[in-house]
Amino acid sequence: MARPREFNEDRVVTAAMETFWRHGYEGTSTRDLCDSTGLGPSSLYNTFGGKRQLYLRALRRYYDTATAEQVEILRGEGPAKERLRAMMVHAVDADLDESGVRGCFAINAAIEVAGLDPDVREAVRRSFDRVEDELCAVVEEGRRAGEIRSTGDARTVARRVQSTYYGLRVLSRVQDDRGTLLATVDGALADL
């Protein structure tokens, strides 16, 4: 089957990402991908090489969009703790949105596939490392401003914040009470 005349690779990868995000890697069939992208099976394989390769492209798209959005929030204006809170609240609100996409695509990939596929593990690690680096920079800024008093290495403090953030993303998959999730955010930030 030939590609549709208006083939747009970015749109196709984004549609695939959303499909994988909703159903997981194992829960997404080639038929699901064809339905969401508008490509036929042969076009999907000829263009992307198959489901796994399209999944890796979807993880790169997530890095370019959602991870970049996290970084943008962390680099925003205002005190360090406000930026950390803004990133976490943004995630809570995104995860509680009625769109049916819950949690973080990178975390979902880490849990479902990264232990079995080194390329997926590397793609997820890239996202996690970028967020960790930005969190470390915010922690260092907060320390210089006297806002963050946690002792120890700034990277260790950043990893503690990151663990809370990722834990919150997992928790939001089963906890739909915004107040409970925000109390978790505020408690974690109070300890800094």
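Mentor: A nonpolar core is a set of buried Ala, Val, Leu, Ile, Met, Phe, Trp, Tyr and Cys residues joined through side-chain atoms within 4.5 Å. Keep in mind that this is a predicted model.

Trainee: Which residues touch the most other members of the largest nonpolar core here?

Mentor: In soluble globular proteins, nonpolar side chains tend to be buried together. In this chain the largest such core has 55 residues, and Phe20, Tyr55, Leu84, Phe105 and Val120 touch the most other members. Two or more residues come from each of α1 (9–27), α3 (41–48), α4 (51–74), α5 (80–96), α6 (105–114), α7 (118–144), α8 (154–171) and α9 (178–190).

Trainee: Which residues is Leu84 in contact with, leaving aside its neighbours within four places in sequence?

Mentor: Leu84 is in contact with Leu74, Leu135, Val138, Ile148, Val161, Leu189 and Leu192. For the chain, take the contacts with a separation of 6 or more: 66% of them join residues 24 or more positions apart.

Trainee: How many helices and strands does the chain have?

Mentor: There are 9 helices and 0 strands, and the pattern along the sequence reads α-α-α-α-α-α-α-α-α. The C-alpha atoms fill a box of roughly 60 × 30 × 30 Å along the principal axes. Of the 192 residues, 45% are buried.

Trainee: At what angle do α1 and α4 pack?

Mentor: Two packed helices are described by the angle between their axes and the distance between the axes. For α1 and α4 the angle is about 105° and the axes are 8 Å apart. Angles of 65 to 115 degrees count as roughly perpendicular, so α1 and α4 are roughly perpendicular to each other.

Trainee: Which residues in α1 meet which residues in α4?

Mentor: From α1 come Glu9, Asp10, Val13, Thr14, Ala16, Met17, Phe20, Trp21, Tyr25 and Glu26. On the α4 side they meet Lys51, Arg52, Leu54, Tyr55, Arg57, Ala58, Arg61 and Tyr62. The residues of this contact divide into 10 nonpolar, 1 polar and 7 charged. Phe20 and Tyr55, which are in the contact, also belong to the core residues that touch the most other members.

Trainee: How many disulfides does the chain have?

Mentor: A disulfide needs a pair of cysteine sulfur atoms within 2.5 Å. By that rule the count is 0. Cys136 is in no disulfide, and the nearest cysteine sulfur, that of Cys104, is 20 Å away.

Trainee: Why does Cys136 count as buried?

Mentor: Buried means under 20% relative accessible area. Cys136 counts as buried because its relative accessibility is 6%. Cys34, at 4%, counts as buried by that cut-off too.

Key
Residues numbered from 1 in each chain as written. Predicted model: local features only at pLDDT ≥ 70, side-chain atom pairs only at ≥ 80, totals over all residues. Heavy atoms only, no water. Buried < 20%, exposed > 50% of the residue type's maximum accessible area, 1.4 Å probe, protein only. Helix = DSSP H or I, 4+ residues; strand = E, 2+ residues; numbered from the N terminus. Contact = heavy atoms within 4.5 Å. Axes fitted to C-alpha atoms, helices over the stretch in contact; angles between N-to-C directions. Parallel < 35°, antiparallel > 145°, perpendicular 65-115°, else oblique. Nonpolar A, V, L, I, M, F, W, Y, C, P; charged D, E, K, R; others polar.
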